[in-house]
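Please consult the sequence and the structure shown here alongside the text.

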Amino acid sequence: MKYLSTRDRALRVGGAEAVKLGLSRDGGLLTPESIPQIDGGFLESLAGASYQERAARVMALYLTDYTEEELLAFANNAYGPDKYDHSAAAPLRKVDGSTHCLELWHGPTSAFKDMALQMLPQLLSAALRKTGEDKTVCILVATSGDTGKAAMEGFADVPQTKIMVFYPKDGVSKVQEAQMVTQDGKNVGVCAVKGNFDDAQAGVKRIFSDEGIRETLAGRGYLLSSANSINWGRILPQVVYYVSAYCDLLRDGEIRMGDKVNFCVPTGNFGDILAAYYAKRMGLPVGKLICASNKNDVLTDFLRTGVYDKNRPFHTTMSPSMDILVSSNLERLLFHLSGENDAEVRGYMEALGKDGRYEVSETIKAALKERFWGGFCGEAGTMETIARYYKEHGYLIDTHTAVAAGVLEQYRAETGDKTPTVFVSTASPYKFCDHVLRAIGQEPEGDGVELLEQLNAVSGVAVPRRLAALKGKERRFDLTAEKAEMDNVVLEFLK
Ligand SMILES: *Cc1c(COP(=O)(O)O)cnc(C)c1O
């Protein structure tokens with residue numbers, strides 16, 4: 001299987017190369033040239049399998065330059081009991097007869113980013129071997145909280161890699177900051193940036209595109225790469241859990257083979273829901289893909305009108321990992337829906353760069369309408385949904401998950417669709433204690449990790465063990481930099 005740039009089909013690389021590069025050199029996203037097909041027999045054979053086996057079987061369809069044995073070994077490392085506190089890794093929780101919640105936060109950092117970032121470092125290490133690369137890869141990450149921690153946890157002490165994370169100084173939750181500055185590992189670095197997430201992100205992009213820095217680093221034996229969801233090695237492990245959820249529903253007798261299932265996904269960069277789209281294209285019986293946004297509703301408008309327009313205010317919300325105006329992975333969807341038309345995609349991306357806006361063709365509009373439904377849930381709706389789930393179902397959900405649950409209700413009210421639906425839970429409620437406590441009628445007493453105990457005392461839900469262990473963990477990193485100094489921080493880190 002080859003991977004093509006969404007902006008130039010003539011640029012083709014193998015799977016290992018795609019994982020190593022992260023991004024195509026023309027700025028496009030590396031995307032599979034064809035989509036492997038699965039059938040009922042495939043799904044039946046996975047219904048009794050472990051999550052790790054499912055992961056190896058699904059990923060092997062795309063990464064044809066890795067063996068299934070290799071991928072199974074990676075999956076065992078990624079999702080085993082020393083990393084995941086649930087033997088199913090991505091368990092389904094039944095909410096009512098036709099509603100199920102896919103919990104993706106049982107990994108080491110309590111956010112769904114672990115599902116991919118426990119796998120990516122292993123794919124990347126193997127890719128370095130397979131492509132004969134002798135340089136050390138340095139992963140640069142700008143994070144609004146979840147990605148940075150999950151990437152460090154995945155890359156900590158992985159040979160031939162280093163990782164540097166930049167986060168906005170006052171832009172992450174107290175728990176998220178505590179998670180990052182206490183990170184173990186000899187090859188990790190963390191730096192707070194005086195500015196917001198966009199400043200951190202712009203700084204990282206500047207470093208990536210600076211030929212001078214790249215040359216200096218190459219001379220020192222380093223190569224820069226990305227752990228952002230533009231890397232195919234992040235999307236593919238996410239395809240697995242949609243297939244896995246279907247297999248669980250089959251195994252538990254909730255559906256029969258061939259029955260359609262909808263997925264409702266809390267969306268930011270469009271990586272998670274794109275993975276669901278791939279699962280549908282592979283032949284998994286999926287009905288609608290429901291794209292749930294928070295107050296930053298650029299995707300809702302896009303799915304309804306076919307016009308993507310980022311010229312609008314940026315809102316800081318209680319679901320910060322979805323506060324985003326440019327959803328990078330949409331580019332891969334446009335590539336597929338345009339019939340793999342690279343010139344058309346290039347046109348949209350140029351318009352986005354120039355005017356911050358583009359309008360897709362009638363063909364794409366029709367294709368979007370058939371497969372997707374977009375909705376958003378504001379701050380008050382998010383709080384109400386957390387409260388209602390807690391009261392009516394005894395189920396404590398985080399702010400991001402609540403956006404999905406809230407939008408699912410709107411979808412059902414508006415369309416009357418009764419198809420069994422899985423909504424995706426992307427973070428543990430313990431990562432956002434203050435908002436969750438308020439939503440269930442409690443006044444937060446204290447700050448940061450102190451609130452873990454309060455939420456535990458009120459709800460009786462167990463605190464994830466690594467979050468509980470943050471209390472008293474030694475702070476290892478204290479670096480703060482102006483945004484203009486980020487280049488020097490990297491050069492110093494890679495001395
Ligand atoms: C990253 C993240 C999202 C958004 O996922 P995308 O793949 O960027 O759409 C949603 N919820 C949480 C908790 C996240 O960390």
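## Helix α8

In α8, the residues Val175, Gln176, Glu177, Ala178, Gln179, Met180 and Val181 are buried, where buried means under 20% relative accessible area, exposed means over 50%, and partly exposed lies in between (1.4 Å probe, protein chains only). Helix α8 spans residues 174–181, and because 7 of its 8 residues are buried, the helix is largely enclosed by the rest of the structure. Helices (H or I, at least four residues) and strands (E, at least two) are DSSP runs, numbered from the N terminus.

The partners of the buried residues of α8 are α7 (146–155), β7 (161–168), β8 (188–194) and α21 (465–468); contact is defined as heavy atoms within 4.5 Å.

## Basis of the model

The model is predicted: local features require pLDDT of at least 70, side-chain atom pairs count only at pLDDT 80 or more, and totals for chains, interfaces and linings use all residues. Residues are numbered from 1 along each chain as its sequence is written, and side-chain values use heavy atoms, with hydrogens and water left out.

## Overall architecture

The chain contains 22 helices and 16 strands. Its C-alpha atoms fill a box of roughly 60 × 55 × 45 Å along the principal axes. For 495 residues, a compact globule would have a radius of gyration near 23 Å, and the 21 Å of the chain agrees with this; the radius is taken over C-alpha atoms, and the globule rule is 2.2 Å times the number of residues to the power 0.38.

Of the 495 residues, 60% count as buried. Among contacts between residues at least 6 apart in sequence, 74% join residues at least 24 apart. The chain exposes about 18400 Å², of which carbon and sulfur atoms supply 47%; accessible areas come from the Shrake-Rupley method with a 1.4 Å probe, and for residues only the protein chains shown count as cover.

## Ligand site

The ligand is surrounded by 15 residues, the closest being Lys113, Asp146, Gly268, Asn269 and Thr426; a residue is near a molecule if one of its heavy atoms lies within 4 Å of it. This shell divides into 5 nonpolar, 7 polar and 3 charged residues. In this division, Ala, Val, Leu, Ile, Met, Phe, Trp, Tyr, Cys and Pro count as nonpolar, Asp, Glu, Lys and Arg as charged, and the others, Gly among them, as polar.

A polar side-chain atom of Lys113 lies 2.6 Å from a ligand oxygen atom, and one of Ser321 lies 3.4 Å from a ligand oxygen atom. For Thr426, a polar side-chain atom lies 2.8 Å from a nitrogen atom of the ligand. Taken alone the ligand exposes 380 Å², and the protein buries 97% of that.

## Residues in loops

Ala89 has a positive phi of about 60° although it is not a glycine. Ala89 lies in the loop between α4 (68–79) and β4 (92–96) and is buried, with a relative accessible area of 0%. Gln160 also has a positive phi, near 65°, in a residue other than glycine. Gln160 is placed in the loop between α7 and β7 and, at 32% relative accessibility, counts as partly exposed.

Asn296 occupies the loop between β11 (286–293) and α13 (298–305) and is buried at 4% relative accessible area. A polar atom of the Asn296 side chain lies 2.9 Å from the backbone oxygen of His315. The side chain of Asn296 also makes a polar contact with the side chain of Asp323 (3.0 Å); a polar contact is a pair of N or O atoms within 3.5 Å, and within protein one must be able to donate a hydrogen and the other to accept it, while residues adjacent in sequence count only if both atoms are side-chain atoms.
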